[in-house]
Every structure is written in C-alpha cells, then in structure tokens.
Amino acid sequence: MDVARNYYAPSDIMHTIDALAWNKMNRLHLHATDAQSWPLDIPALPNLSRKGAYRRGLSYSPEDLAQIQEHGMYRGVEVVVEIDMPGHTSSIAFSQPELITGFNERNWSDYAAEPPSGSLKLNSSAVYTFLSTLWQDLLPQVLPYSAYFHTGGDEVNANVYTLDDTVRSNDSEVLQPLLQRFVDFNHDYIRAAGMTPVVWQEMLLEWDLTL
C-alpha cells in the first residue's frame with residue numbers, strides 16, 4: 001500500500017488490513033516514503049515530515065504507526081514497513097537538501113524513473129549520519145510488530161550520480177561497491193535490531209549485491 005504518493009488516513013489502512021484478514025492474507029507491505037512525499041514522522045528528524053509531507057496533518061505519528069501495526073497483529077496481518085532508498089528519496093531534499101543529488105532536475109527522465117528526481121548521495125558522511133539517526137529512531141517502533149524491514153533499492157538511476165559531488169560517475173564499477181557499502185550499512189542496523197532486511201530484486205539482479 002503506497003501511502004507516500006497517495007496519503008491514506010490510518011483508519012483506511014486499518015480497513016485494508018481487515019480486508020486482507022478476511023481474505024486470509026497475512027502481510028501488508030506499507031510503502032511509507034517516496035520521492036513525492038515523506039509522510040512518516042521521525043521524532044529525531046522532525047523536519048522530514050514537517051517539510052516533506054504533502055501538508056501538515058498528512059503524516060503518520062509514532063502512535064499512528066503503532067496503532068496500524070497492532071491492528072494488523074491482532075488480525076494475523078504483519079505490517080512490513082518500507083523506506084525506499086537510495087533512489088525515490090527526493091522528498092528528503094525539502095528538509096536536508098545537502099543529502100540529495102539531482103533534486104528536481106528539469107530533464108528528470110535522465111536521472112529518475114519518475115519526477116521529481118533525486119537520490120541519496122552514495123559517498124557522503126552526512127548521509128550515513130542521517131541514516132544512523134533514522135534507524136535508531138524508527139526501528140524500535142517497528143520491531144515489536146514485524147520480523148522484517150524493507151529498504152527498497154528499486155530503480156536506482158546510475159546517471160544521477162554524475163551529479164553527486166561525492167561520486168561524479170555513472171560507471172557500474174564505481175557505483176556497485178558504493179551501493180554494497182550503503183546496503184550493508186543499513187542492513188547491519190536492521191539485523192542488529194533483530195529483523196530481517198528485505199529489498200527489491202534489482203539489488204541482486206542488476207547490481208549483483210551480496211545480501
């Protein structure tokens with residue numbers, strides 16, 4: 001359920017969980033953030049949703065997230081949260097533009113699968129500081145309710161990294177080890193929290209990452 005491109009009230013998400021349970025389905029993949037908006041409140045990074053949601057009030061508080069996950073738990077539906085990265089992250093630029101490369105380029109199709117363009121920089125210490133803060137805040141909110149956490153990884157556009165001042169290349173031989181380090185960093189946090197990381201298939205089939 002994509003709540004980043006199209007905001008749904010928590011009650012609507014819970015109605016969807018009810019429908020899944022009635023049809024004997026036991027997973028809800030909650031695609032929580034994307035290029036278009038960041039509707040998930042992160043108390044340690046309050047400007048993410050304050051500036052990145054479509055507007056004030058169209059975001060999910062930690063209490064909302066807990067209610068949604070608990071609603072699923074009591075109905076046998078595990079809510080698997082996804083924070084898509086390193087692509088599909090241009091909504092971060094509204095609060096922390098220094099973390100994003102290729103933000104909102106006019107010729108967006110050269111740098112992204114859809115507008116607005118923008119990806120997390122791949123070789124920036126500031127990005128890794130941001131990710132540490134994000135995981136330390138978010139993962140404890142998810143852990144009581146799910147054994148899995150999805151870190152995205154789809155539609156990574158190599159060309160956007162020619163604009164990245166920490167990379168300046170679209171060569172897969174340059175990008176692949178940087179992506180491997182990026183994914184390893186995130187997945188180390190997820191495993192340390194006691195969960196299993198999940199990614200889109202491109203990380204394996206297109207980038208040949210070790211997962």
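Student: Leaving out residues up to four places away in sequence, what does H71 touch?
Tutor: In this predicted model, H71 touches M14, I17 and D18, with residues up to four places away in sequence not counted.

Student: Where is H71 found?
Tutor: H71 sits in helix α3.

Student: Is H71 buried or exposed?
Tutor: H71 has a relative accessible area of 15%. Buried means under 20%, so H71 is buried.

Student: Which residues of α1 and α3 meet?
Tutor: From α1 there are P10, I13, M14, I17 and D18, and from α3 there are D64, Q67, I68, H71 and G72. M14, I17 and D18, the residues that H71 touches, are among those α1 residues.

Student: How many of the residues in that contact are nonpolar, polar and charged?
Tutor: The contact of α1 with α3 has five nonpolar, three polar and two charged residues.

Student: At what angle do the axes of α1 and α3 cross?
Tutor: The angle is roughly 15 degrees, and the axes come within 9 Å. That makes α1 roughly parallel to α3, since angles under 35 degrees count as roughly parallel.

Student: Right-handed or left-handed crossing?
Tutor: Right-handed, for α1 passing α3.

Student: Now α3 and α4. At what angle do they pack, and how far apart are the axes?
Tutor: Helix α3, residues 62-73, packs against helix α4, residues 125-142, at about 30 degrees, and the axes are 10 Å apart. So α3 is roughly parallel to α4. The crossing of α3 past α4 is right-handed.

Student: Which residues make the contact?
Tutor: On the α3 side they are P62, L65 and Q69, and on the α4 side L138, Q141 and V142. By class, the contact of α3 with α4 has four nonpolar residues, two polar ones and no charged ones.

Student: Change of topic. How many aromatic pairs in the whole structure?
Tutor: A search of the whole structure finds six aromatic pairs. One of them is Y7 with Y60: the ring centres are 5.0 Å apart and the planes are at 20 degrees, so the pair is stacked.

Student: Where do Y7 and Y60 lie?
Tutor: Y7 is in the segment before α1 (10-22), and Y60 is in the loop between α2 (47-52) and α3. The pair therefore ties together parts that are 53 residues apart in sequence.

Student: Is Y7 buried or partly exposed?
Tutor: Y7 is partly exposed, at 24% relative accessible area. Y60 counts as buried, with 4% relative accessibility.

Student: What about Y128 and F182?
Tutor: Y128 and F182 are an edge-to-face aromatic pair, 6.4 Å centre to centre with 65 degrees between the planes. This pair links distant parts of the chain, 54 residues apart: Y128 is in helix α4 and F182 in helix α5, residues 172-192. Y128 is buried at 11% relative accessibility, and F182 is buried at 1%.

Student: Which residues form one aromatic cluster with Y128 and F182?
Tutor: F185 and Y189 complete the cluster with Y128 and F182.

Student: And N186, where is that found?
Tutor: N186 is in helix α5. N186 is buried, with 2% relative accessibility. Not counting residues up to four places away in sequence, N186 touches M85, L131 and W135.

Student: Where does V167 lie?
Tutor: V167 is in the loop between β5 (148-150) and α5. V167 counts as buried at 16% relative accessibility.

Student: Leaving aside neighbours within four places, what is V167 in contact with?
Tutor: With those neighbours left aside, V167 is in contact with L122, N123, Y161, V174, L175 and L178. V167 and L122 are 45 residues apart along the chain, and their C-alpha atoms are separated by 7.0 Å.

Student: Last one. Which strand is the place of Y148?
Tutor: Strand β5. Y148 is partly exposed, at 30% relative accessible area.

Student: How far apart are Y148 and M195 in space?
Tutor: C-alpha to C-alpha, Y148 and M195 are 5.2 Å apart, while in sequence they are 47 residues apart. Leaving aside neighbours within four places in sequence, the contacts of Y148 are R27, E78, V80, V142, M195, T196 and V198. V142 is also one of the α4 residues in the contact with α3.

Note on methods:
Residues numbered from 1 in each chain as written. Predicted model: local features only at pLDDT ≥ 70, side-chain atom pairs only at ≥ 80, totals over all residues. Heavy atoms only, no water. Axes fitted to C-alpha atoms, helices over the stretch in contact; angles between N-to-C directions. Helix = DSSP H or I, 4+ residues; strand = E, 2+ residues; numbered from the N terminus. Parallel < 35°, antiparallel > 145°, perpendicular 65-115°, else oblique. Left-handed = near helix turned anticlockwise from the far one by under 90°. Contact = heavy atoms within 4.5 Å. Nonpolar A, V, L, I, M, F, W, Y, C, P; charged D, E, K, R; others polar. Phe/Tyr/Trp six-rings, centres within 6.5 Å; stacked < 30°, edge-to-face > 60°. Buried < 20%, exposed > 50% of the residue type's maximum accessible area, 1.4 Å probe, protein only.
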